[in-house]
Amino acid sequence: MTDTRPATKPVRPFFSSGPCAKPPGYSPDKLATQSLGRSHRAKIGKERLGLAIDLMREGLELPDTHRIGIVPGSDTGAFEMAMWTMLGARPVTTLAWESFGEGWVTDAVKQLRIEPTVMRADYGQLPDLDKVDWSNDVLFTWNGTTSGVRVPDGAWIPADRQGLSFADATSGVFAYDIPWDKIDVATFSWQKVLGGEGGHGVIILGPRAVERLESYTPAWPLPKVFRLVSKGKLTEGVFKGETINTPSMLAVEDAIFALEWAKSVGGLDGLKARCAANAQALDKIVAERDWLGHLARDSGTRSHTSVCLTVAGADAEFIKKFAGLLEKEGAAFDIAGYRDAPPGLRIWCGATVDTADIVALGPWLDWAWSQLAA
């Protein structure tokens, strides 16, 4: 067995699927710090939180019909806030084809006890979207971070739906065109396509979601961090930067940096193009190696961000050693697949990754394979 390491390494070997690579050119000393050590309710704090919301609206090309709020608990907190405050008014359908979708099933069944209709598919596949009953509220992940499978578009969501659409879009926003007229609730965190810090979630509410919040009171108690309504009316301040609890202004400044970087590369179109170029570069690597494959076999529903790969004959221990070799060499960090997914690799191809680093990764995958496959 020869041990010929490739001559070139990825310049930024950050391929984790969350928290993800920081934007190119990022450095903590480039962050604005005037808001640090100040109250988030002071004028400067409100201004910076408001700026973050305005930049997200611009970057997502979000219409004025939809509100944006910064909330606690990352994407998980934001999605659970939506579930706890709005579910129970009508029947519920949950779609699960990877671990986070299964998490929402668990919340609905074991915590809220609402007995939803559950539509499942194996890792790498989607359930039959044409069979979704839209007289129900429907919960789904736009892009399955742990399976590498995404919904193809919003055509399967009817305009005249009776139920609300709840999209966990944390690996999808800033990477795909999302038809906001089809989305009543969306959640995400800055730590994915923007490469921001974790701990804070973002909730987006369309007008039908606001109507639900103001007309329906759930049967279960609501923790303070979930409360979006006061005296029967939406707490509008939450969507203008008056957060429910104390945010990290350092994380907010980090997000502002990422959002301004996104503008500098062409906004949403630029971010989508970077994601697509990265996914195409990785697809070429996979196509040229008979020991690599895509967990998501249908290219039409394959993620452009969290790309999940199969490795011929690999079990969990093999993948652990494979990823460990590359981390030790400083060639790739955090590329083992998610713990609940089939054993394999997961390469983040979001916009903050440079395509040249995806290309440089290919020979290193060959090297690790040659070291272990023998």
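Predicted model: local features only at pLDDT ≥ 70, side-chain atom pairs only at ≥ 80, totals over all residues.
**Exercise 1.** Find the salt-bridge partner of D354 and say where the two residues sit in the chain.

*Solution.* First, look at the side chains: D354 meets R12 in a salt bridge, at 3.3 Å from N to O. Finally, check R12: its relative accessibility is 17%, so R12 counts as buried.

**Exercise 2.** Work out which parts of the chain the salt bridge between K22 and E197 ties together.

*Solution.* The two side chains meet at 2.8 Å, N to O. K22 lies in the segment before α1, and E197 in the loop between β8 (185-189) and β9 (200-205). The bridge therefore ties together parts that are 175 residues apart in sequence. With a relative accessible area of 36%, E197 is partly exposed.

**Exercise 3.** Describe how helix α6 (residues 267-287) and helix α8 (residues 355-373) are arranged.

*Solution.* Begin with the axes, which come within 9 Å and cross at roughly 20°. Angles under 35 degrees count as roughly parallel, and so α6 and α8 are roughly parallel to each other. The crossing is right-handed. Now look at the contact: α6 contributes A277, N278, A281, L282 and I285, and α8 contributes T355, I358, V359, G362 and L365. By class, seven of the contact residues are nonpolar, three are polar and none is charged.

Definitions and conventions: Residues numbered from 1 in each chain as written. Heavy atoms only, no water. Axes fitted to C-alpha atoms, helices over the stretch in contact; angles between N-to-C directions. Helix = DSSP H or I, 4+ residues; strand = E, 2+ residues; numbered from the N terminus. Parallel < 35°, antiparallel > 145°, perpendicular 65-115°, else oblique. Left-handed = near helix turned anticlockwise from the far one by under 90°. Contact = heavy atoms within 4.5 Å. Nonpolar A, V, L, I, M, F, W, Y, C, P; charged D, E, K, R; others polar. Salt bridge = Lys/Arg side-chain N within 4 Å of Asp/Glu carboxyl O. Buried < 20%, exposed > 50% of the residue type's maximum accessible area, 1.4 Å probe, protein only.
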